[in-house]
Amino acid sequence: MTGTVVLRRAAPADARAAADVWLRSFRAALPTVARPRSDDDVRKYFRDVVVPARETWVAEAAGGGIVGVMVLHEEELSQLYLDPEWRGHGIGDRFVALAKERSPGGLSLWTFQVNTPAHRFYERHGFTAAESTDGGGNEEREPDVRYVWRP
């Protein structure tokens, strides 16, 4: 886990590696949350929608490939996932700083209620819980929380 990590815009060739980071991270962080999409569906979604149509960023480790992904869409931070082996190295902090720079008027995001480490992470970065739901509005049908950050 040593070496330089560069944050850069994702290229079409990064879609599969970014999706695989998402899959590994989701499994590790949210083992009790049922995913409605297969691994192949997630990879197709990253290839056909996320990378070409969203502001997608990746963290690339020297010699380690893609180890993180962040997706912005207007003022929404819609995805921030790190390879489990790369958590705790400041990459998430760098992604949030980049998101705030790219959206200086504010940000919002959703995270599952069961993901208490994410709550602590976002609260540490100045986000506040603004709304909780029963999960009826997400694919997973999992209770979630909307966080907002305003400068």
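**Close-up 1. Helices α3 and α4 cross with right-handed geometry.** The handedness is right-handed if the near helix is turned clockwise from the far one by less than a right angle, and left-handed if anticlockwise. This is a predicted model, in which local features need pLDDT of at least 70, side-chain atom pairs count only at pLDDT 80 or more, and totals for chains, interfaces and linings use all residues. Residues are numbered from 1 along each chain as its sequence is written, and side-chain values use heavy atoms, with hydrogens and water left out. The α3 and α4 axes come within 11 Å and cross at roughly 50°. Axes are lines fitted to C-alpha atoms, for helices over the stretch in contact, with angles from 0 to 180 degrees between N-to-C directions. α3 and α4 are therefore oblique to each other (under 35 degrees is roughly parallel, over 145 roughly antiparallel, 65 to 115 roughly perpendicular, the rest oblique). G92, D93 and V96 of α3 meet F121, Y122 and R124 of α4; contact means heavy atoms within 4.5 Å. By class, this contact of α3 with α4 has three nonpolar, one polar and two charged residues. Ala, Val, Leu, Ile, Met, Phe, Trp, Tyr, Cys and Pro count as nonpolar, Asp, Glu, Lys and Arg as charged, and the others, Gly among them, as polar.

**Close-up 2. Helices α1 and α2 make a right-handed crossing.** α1 spans residues 15-29 and α2 spans residues 39-53. Their axes come within 9 Å and cross at roughly 130°. α1 and α2 are therefore oblique to each other. From α1, the contact takes A15, R16, A18, A19, D20, W22, L23 and R27. From α2 come D39, V42, R43, F46, R47 and V51. Eight of the residues in the contact of α1 with α2 are nonpolar and six are charged, with no polar ones.

**Close-up 3. The largest pocket has a volume of about 1,300 Å³.** A pocket is an open set of points on a 1 Å grid over the protein atoms alone, where a 1.4 Å probe fits, with protein on both sides within 12 Å along at least five of seven lines; lining residues have an atom within 4 Å of a point. Of the 44 lining residues, S78, Q79, L80, Y81 and W110 are the closest to the centre.

**Close-up 4. β4 gives the most to the lining of the largest pocket, with seven residues.** Elements that give two or more residues include β3 (65-73), β4 (76-82) and β5 (107-112). The lining of the largest pocket holds 22 nonpolar, 11 polar and 11 charged residues.

How values were computed
Helices (H or I, at least four residues) and strands (E, at least two) are DSSP runs, numbered from the N terminus. Grid points are joined across faces, edges and corners, and a volume is the space filled by probe spheres set on the points.
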